[in-house]
Amino acid sequence: MSANAAAAAPLRQPRIAIIGAGMSGICLGALLLKGGIRDFTVYEKAPAAGGTWRDNTYPGIACDVPSRFYQYTFAPNPEWSRSMAPGAEINAYFTKVARDTGVHDRIRFGAEVSDINWLDGQWSVTTADGTSETYDFVVSATGILHHPRYPDLDGLDTFGGAMFHSARWDHSVPLDGQRIAIVGTGSTGAQIVSDLAGRAEELVVFQRTPHWVMQLRNPEFSRVTRWLHRRSAAYDTLTYHGSRLFIESFSPALLHPGRARRFATWLIRRQLNKIEDPVLRKQLTPDFEPMCRRLIISTGYYDAVQRDDVQIVASPIDRVEPDGVRTTDGVLHECDVLVLATGFDSHAYLRPTAVTGPSGHTLDKAWAGGPRAYRTVAVPGLPNFFMFMGPNSPVGNYSLVAIAEAQAGFMLAWIERWQRGDVDTMAPSAEATDAFYRDVDAAMPDTVWATGCTSWYVGQGGRVELYPWAPKQFRAMLAKIEDEDFETTARS
Ligand code: NAP
């Protein structure tokens, strides 16, 4: 075939399965449609889209990244109400993008993917009801903070009042005037406490480990600001990049010891001075470096815990009883409602979905030593398979929306090659993946996350599952395909 004839050949239309209709799945779907690729299905086990923003509806939920930077570049939102928007608004934004772009029409709701199997050069995707369909590509967009982690507390089932995980909030339970106990003081616990203080008759906060907190104001955007954003896409773009640069200015502190980290540490430590009572201040002082765990951005946690009706309990929990929670010092903390703000299993990724590639190669086997992915997005031995928010994706407190867009760009570049007929299958080589992890392992000790703390950032064998370089490098890493890193096949 001549070069001209090849250039004129029609593009192949791939069939693509996306697992998950959260922020990442909607992102890829919208970009596929933008690129004229229409034959895809988004599998969503829940009856609605939105992912973590659909699941988490607890009081006080809000973004801890500036909203201007927590949006897709291709779908600016002039209507953000605040600097850090409330959760319901964020969920409405993502589901609106899904509707406006046409992604919503391609979501199969109530369809939980149980297995994906490589059969005769394609992926067979099977849902819990036993039906299967075949695809050229499968993309996991199942999110990181997805599987609620329940605490292993004696007597939990015996509690006589209302009890639920923060990600499964029971809105039928009255809160005002109730005695509410909260287990967990991470980002979620801090937001709940800030919101419920003053509403509950009494708030008891069980703190196993104190966290560092940066208390910030969260101003409302004026009508004029919103009008400006509506009128001028350029202004919106400007504020997007302004917020991006602001967040990126903290990267040096996270990534390397030195002046930037010393300054950020000083700034965060100073926040504790908001606590006037020295005993409470000591109780709230962590014994690890600021930012080692995810820094809590809160609008009112330190104000809330100084109220008379809020009590921090630092004694370990002994057991849960029908009337409340007993700590090891023998005190029974009676409560009507018990909230488990105990976080998520952040190392499950798309599991329990079973993934079996060619020659019976499974994801479970590949990850026996811990989750690993080539440049965060692909796994050796699994052709035409991509992941959003795979191992080592998060870049500290960075916007996951920006990360998803960078990852989507990489996936689209491969899908375009497939469309042109340049490749039929692609997968990263084991050597390239090992080389990536040699670099990750060499860079990680410099990061603040490796300064000695436990958190959801830390996985099997103490490996930190974050990205140890700057966001700019993350984008550059995925902007170009390194051909020598891939094993590919093509029909001709
Ligand atoms: P988390 O940071 O993992 O915190 C879980 C909390 O529960 C910790 O305080 C933990 O104590 C405590 N805990 C767990 N098991 C316990 C047990 N058996 N007994 C006593 N305490 C127990 O979870 P999260 O607060 O849900 O936050 C997870 C992540 O979600 C955040 O880091 C952030 O990335 C994201 N998030 C974001 C936003 C946002 O604004 N965008 C809001 C909420 C969450 P230890 O510290 O001792 O383990």
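Q: Which helix gives the largest share of the shell around the ligand?
A: The model is predicted, so local features need pLDDT of at least 70 and side-chain atom pairs count only at pLDDT 80 or more, while totals for chains, interfaces and linings use all residues. Residues are numbered from 1 along each chain as its sequence is written, and side-chain values use heavy atoms, with hydrogens and water left out. Helices are DSSP runs of H or I with at least four residues, and strands are runs of E with at least two, numbered from the N terminus. The largest share of the shell, 3 residues, comes from residues 187-196, that is, helix 5.

Q: How far is an oxygen atom of the ligand from an N or O atom in the side chain of Thr188?
A: Among the 25 residues around the ligand (a heavy atom within 4 Å), Thr188 is one of those that come nearest. For an N or O atom in its side chain, the distance to a ligand oxygen is 2.7 Å.

Q: Is Gly177 buried, partly exposed or exposed?
A: Gly177 lies in the loop between strand 8 (162-165) and strand 9 (179-183). Buried means under 20% relative accessible area and exposed over 50%, with partly exposed in between (1.4 Å probe, protein chains only). Because its relative accessibility is 39%, Gly177 counts as partly exposed.

Key: Polar contact = N/O pair within 3.5 Å; in protein donor to acceptor, adjacent residues only side chain to side chain.
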